[in-house]
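The paragraphs below go through the model one element at a time. Please keep the sequence and the coordinates open alongside the text.

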Amino acid sequence: MGKIKERINALLEKIKDDPDLVSLVRDMVDSCANYVDTVVNMENVINVYRFHVEDPSELRVMIQRLDQTRRIVHNTVISNVRIVDRLCKINGVEPVFGGLDEDRLAIAEFAKKVVDEFFEDRKK
C-alpha cells in the first residue's frame, strides 16, 4: 500500500462513523481519477484531431473548450484536496496531500499519484 493510501486510511479510521465525512474522502479520490481521465482524453483528442481538422481556428476552439473542461475538473480536485486536508488537521492525522494547495501542478501530480496507488493496489 502506498503512502497516500495509508494517510487516507488513517483519516478514514478516525471518521468512519460519519458517512458524510467518509463521502468527502471518496469524492476526493473520485475527483483525482476523473481529473486524470480528463487529461488523458484531452490529450488523445488533440493528438487525433490535429490530423483531421484542416482549419487551424477550428482546432484552436476545440482545444480551448477541452482546456476549459480540464480546468473545471482540476478546480474540483483542488477543492476536494483542501477539504480532506482540513479533515486531517481537525482529526489529528497526517495530511493526505500536505503541500501548498495553491500549487496547481503539485495537486495535478498528486491526483496522478492517487490514481497510481489505487491502481497498483487493485485486486488482481
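After α3 comes G92, which has a positive phi near 70°. Helices here are DSSP runs of H or I with at least four residues, strands are E runs of at least two, and both are numbered from the N terminus. The structure is a predicted model, in which local features need pLDDT of at least 70 and side-chain atom pairs count only at pLDDT 80 or more, while totals for chains, interfaces and linings use all residues. Residue numbers start from 1 along each chain as its sequence is written, and side-chain values use heavy atoms, with hydrogens and water left out.

The chain contains four helices and zero strands, and along the sequence its pattern reads α-α-α-α. The C-alpha trace spans about 55 × 35 × 25 Å along its principal axes. Of the 124 residues, 33% count as buried, where buried means under 20% relative accessible area, exposed means over 50% and partly exposed lies in between, with a 1.4 Å probe and protein chains only. Contact means heavy atoms within 4.5 Å. Among the contacts with a separation of 6 or more, 67% are between residues 24 or more positions apart.

Two of the helices can be checked against their expected span, defined as 1.5 Å times one less than the number of residues. For α2, with 31 residues, the expectation is 45 Å, and the end C-alpha atoms are 43 Å apart, which agrees. For α3, with 35 residues, the first and last C-alpha atoms are 51 Å apart, close to the expected 51 Å.

Next comes the packing of the helices. Two packed helices are described by the angle between their axes and the distance between the axes. The axes are lines fitted to C-alpha atoms, for helices over the stretch in contact, and the angles run from 0 to 180 degrees between N-to-C directions. Angles under 35 degrees count as roughly parallel, those over 145 as roughly antiparallel, those from 65 to 115 as roughly perpendicular, and the rest as oblique.

Helix α1 (residues 3–15) packs against helix α2 (residues 19–49) at an angle of about 160°, with the axes 9 Å apart. The two helices are therefore roughly antiparallel. On the α1 side the contact involves I8, L11, L12 and I15, and on the α2 side L21, V22, V25, M28 and V29. By class, this contact has nine nonpolar, no polar and no charged residues; Ala, Val, Leu, Ile, Met, Phe, Trp, Tyr, Cys and Pro count as nonpolar, Asp, Glu, Lys and Arg as charged, and the others, Gly among them, as polar.

How do α2 and α3 cross? Their axes come within 9 Å and cross at roughly 160°, so α2 and α3 are roughly antiparallel to each other. Their contact has 21 nonpolar, seven polar and three charged residues. V73, which is found in α3, has 12% relative accessibility and therefore counts as buried. Leaving aside neighbours within four places in sequence, V73 is in contact with N34, Y35 and T38. V73 and T38 are 35 residues apart along the chain, and their C-alpha atoms are separated by 7.7 Å.

The buried residues of α2 include S23, V25, M28, C32, Y35 and T38. The elements that cover the buried residues of α2 include α1, α3 (56–90) and α4.

Helix α4 (residues 104–120) packs against α1 at an angle of about 85°, with the axes 8 Å apart. That makes α1 roughly perpendicular to α4. In this contact K3, I4, K5 and I8 of α1 meet F110, K113, V114, E117 and F118 of α4. The residues divide into five nonpolar, no polar and four charged.

Finally, F110 lies in α4. Why does F110 count as buried? Because its relative accessibility is 5%, F110 counts as buried. Apart from neighbours within four places in sequence, F110 is in contact with I4, M28, C32, V81, V96 and F97. F110 is also 33 residues from V77 in sequence, and the two are 9.7 Å apart in space, C-alpha to C-alpha.
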